[in-house]
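Colleague: I am new to this structure and would like to go through it by question and answer. Please show it first.

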Amino acid sequence: MSKIIRIGTRGSKLAIWQAQYVTNLIRQKYDDVTVDLKIFTTRGDKILDKALPEIGGKGLFTEELEAALHTGEIDCAVHSLKDLPTEKIEGIYLGAIPERGNPTDALVSRNQLKLDDLPKGATVGTSSIRRKAQLLYYRPDLNIIDVRGNVPTRIEKLMMDDSPYDAIILASAGLERLDMANYITQTLETPIMINAPAQGAVGVQCREDPESMSFFAPLMHLQTWLAVTAERAFLSVLGGGCSLPVAAHAYIEKSILYLHGRVTAVDGTSQIDVEGKVGLIRESNIIASANRIGGDMAQKALEQGADAILETLKV
């Protein structure tokens with residue numbers, strides 16, 4: 001690899017934080033390397049503050065960076081891993097997944113009211129189908145409307161005097177990384193809400209060649225890799241899109257990988273929960289085990305009716 005590593009990133013404050021995080025990890029591993037950031041505007045950035053159906057498309061925030069990887073303009077691309085489609089892209093490799101941040105979702109409330117304390121019919125902002133579905137399952141009386149923009153913009157929209165929102169839902173990791181955790185009114189955890197697959201994790205894409213792959217491999221955090229592999233396998237079998245009402249949380253305790261998957265009807269009328277685990281000590285290929293538990297739990301969800309829920313989203 002060159003002594004200069006060019007990292008591609010989006011230009012939001014959160015994306016820059018993630019690119020700097022990867023920059024620092026590279027500098028810790030390689031003391032003779034210079035890192036340069038190259039900022040890209042993606043298709044998703046151009047429509048981020050617009051209520052368009054396209055906002056949920058696959059590769060919305062990643063295509064431009066992947067194209068730059070193919071041409072050699074950059075050496076790696078840094079993304080929120082939950083934005084990366086689960087399908088393999090020819091010539092591109094998920095070279096590293098550093099240690100994960102907080103995977104949960106957070107309620108940010110104008111009047112510091114927790115979810116149970118919001119008045120009947122309160123208006124909650126989220127642009128996530130997964131969050132909307134789980135909120136309506138837990139509290140069918142809520143009025144869920146879109147909120148667009150990056151994290152600081154969404155907070156500003158909530159706090160305006162004429163804001164239509166009583167509260168909004170954001171990723172805990174994003175708020176923490178931007179030093180905005182003081183806005184968190186309540187962390188939403190099971191049974192209320194399960195995170196998006198790979199939420200809180202950063203993905204580092206590189207070219208699929210031995211030199212690039214070996215360079216970025218030391219940035220991989222094994223426990224995070226296993227957890228998000230299981231979560232993304234669950235999503236992949238169910239359709240692979242980040243715009244599906246599919247949630248998954250995996251974690252490791254005493255060499256056992258646990259996975260809790262969930263599929264929720266968009267209108268909140270039904271919800272399927274599946275749970276499984278796999279021991280890692282006796283397994284010769286623990287990544288294959290993580291993939292297998294994700295796929296097995298997805299099949300279990302399909303057997304319980306997840307296909308009927310997801311079928312309603314197809315155009």
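Colleague: How many helices and strands does the secondary structure of the chain come to?
Modeller: This is a predicted model, and its secondary structure holds both types of element. The totals come to ten helices and 13 strands.

Colleague: What pLDDT does the chain average?
Modeller: Of the residues, 91% score at least 70. Residues 51–57 are a stretch with pLDDT below 50, although in the model this stretch has twelve contacts beyond near neighbours in sequence. The average for the chain is a pLDDT of 92.

Colleague: What radius of gyration does the chain have, and what would a compact globule have?
Modeller: Along the principal axes, the C-alpha atoms fill a box of roughly 60 × 50 × 40 Å. For 315 residues, a compact globule would have a radius of gyration near 20 Å. The value for the chain agrees with that, at 19 Å.

Colleague: What share of the 315 residues counts as buried?
Modeller: The chain exposes about 14300 Å², and carbon and sulfur atoms supply 50% of that area. A residue counts as buried when its relative accessible area is under 20%. Among the 315 residues, the buried share is 52%.

Colleague: Which share of the contacts with a separation of 6 or more comes from residues 24 or more positions apart?
Modeller: The count takes in contacts in the chain with a separation of 6 or more. Within that set, residues 24 or more positions apart account for 68%.

Colleague: How many disulfides are there?
Modeller: A disulfide needs two cysteine sulfur atoms within 2.5 Å. For Cys-76, the nearest cysteine sulfur is that of Cys-206, 7.8 Å away, so Cys-76 is in no disulfide. Cys-206 is in no disulfide either, as its nearest cysteine sulfur is that of Cys-76 at 7.8 Å. The count is zero.

Colleague: Are Cys-76 and Cys-206 buried or exposed?
Modeller: Cys-76 has a relative accessible area of 0%, and the value for Cys-206 is 0%. The cut-off for buried is under 20%, so Cys-76 and Cys-206 are buried.

Colleague: Where is Ser-172 found, and which residues does it touch?
Modeller: Ser-172 is found in helix H6, residues 172–177. With a relative accessible area of 0%, Ser-172 is buried. The C-alpha atom of Ser-172 is 9.7 Å from that of Gln-186, which lies 14 residues away along the chain. Leaving out residues up to four places away in sequence, Ser-172 touches Asn-102, Thr-104, Asp-105, Ala-106 and Thr-187.

Methods
Residues are numbered from 1 along each chain as its sequence is written. This is a predicted model: local features need pLDDT of at least 70, side-chain atom pairs count only at pLDDT 80 or more; totals for chains, interfaces and linings use all residues. Side-chain values use heavy atoms; hydrogens and water are left out. Buried means under 20% relative accessible area, exposed over 50%, partly exposed in between (1.4 Å probe, protein chains only). pLDDT is the predictor's confidence in each residue, from 0 to 100. Contact means heavy atoms within 4.5 Å. Helices (H or I, at least four residues) and strands (E, at least two) are DSSP runs, numbered from the N terminus. The radius of gyration is taken over C-alpha atoms; the globule rule is 2.2 Å times the number of residues to the power 0.38. Accessible areas come from the Shrake-Rupley method with a 1.4 Å probe; for residues, only the protein chains shown count as cover.
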